[in-house]
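Thanks for making the time this morning.

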Amino acid sequence: MSNEKNSSLSPAAVEPFIPELYLWGINTPVCAAYLIDKPVFTLGKAETCDGILAFSEEISREHARITRKNGAYYLSDLDSLNKTFLNGHPLVPHEEYPIRTGDRITLSIYNFHVDHINR
């Protein structure tokens, strides 16, 4: 006899993550486009990052993070050596800043455009 009623997670309780944002490299030395396909998406040159930016020594191993919470996206700098900027403003490390379509994210000297996926 199955004991499905006592399961701690019902199918309705687990909401699937549906990607909504892309990052497009503007001045990167190689084509750099990233679909933000996880609720927590890390950018940096480490192989463990979700968006690997191995084209420059100016990018930290774990440079920045994009997090989705309650339907909104947030950017945070992970105490990178060469800083993270949002629309030209430097971020305070480990603080979350809301991001939206049309924003410009700069990791060190490399610019990325935030774009929404059209459905």
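The largest nonpolar core in this predicted model has 21 residues, and those with the most contacts inside it are Leu23, Ile66, Leu75, Ile99, Ile105, Leu107 and Phe112. If you ask which elements give two or more residues to this core, they are strand 1, strand 2, strand 3 (40-44), strand 5 (64-69), strand 6 (72-77), strand 10 and strand 11. Strand 11 supplies the largest share, with 3 residues.

Let me take Ile99 as an example from that list. Once its neighbours within four places in sequence are set aside, Ile99 is in contact with Leu21, Ile66, Tyr73, Tyr74, Leu75, Leu86 and Ile105.

Stepping back to the chain as a whole, the secondary structure comes to 0 helices and 11 strands, and of the 119 residues, 34% count as buried. Among the contacts with a separation of 6 or more, 38% are accounted for by residues 24 or more positions apart.

Now to the strand pairing. Strand 1 (residues 21-25) runs antiparallel to strand 2 (residues 33-36), the two being joined by 4 bridges, and here Leu23 has Tyr34 as its bridge partner in strand 2. Strand 1 also pairs with strand 11 (residues 110-116), again in the antiparallel sense and over 5 bridges, with Tyr22 standing opposite Asp115 in strand 11.

Asp103 sits in the loop between strand 9 (97-99) and strand 10 (104-107), and although Asp103 is buried, it has no salt bridge. What the side chain of Asp103 does have is a polar contact of 3.0 Å with the side chain of Asn87. Beyond its neighbours within four places in sequence, Asp103 is in contact with Leu86, Asn87, Pro98, Phe112, His113 and Val114; of these, Phe112 is also listed among the residues with the most contacts inside the core.

Is Ser60 buried or exposed? Ser60 counts as buried because its relative accessible area is 15%, and the cut-off for buried is under 20%. Leaving aside neighbours within four places in sequence, Ser60 is in contact with Gly44, Lys45, Ser80 and Leu81.

Methods
Residues numbered from 1 in each chain as written. Predicted model: local features only at pLDDT ≥ 70, side-chain atom pairs only at ≥ 80, totals over all residues. Heavy atoms only, no water. Buried < 20%, exposed > 50% of the residue type's maximum accessible area, 1.4 Å probe, protein only. Lys, Arg positive; Asp, Glu negative; His and termini not counted. Salt bridge = Lys/Arg side-chain N within 4 Å of Asp/Glu carboxyl O. Polar contact = N/O pair within 3.5 Å; in protein donor to acceptor, adjacent residues only side chain to side chain. Contact = heavy atoms within 4.5 Å. Pairing = 2+ DSSP bridges. Core = buried A, V, L, I, M, F, W, Y, C linked by side-chain atoms within 4.5 Å.
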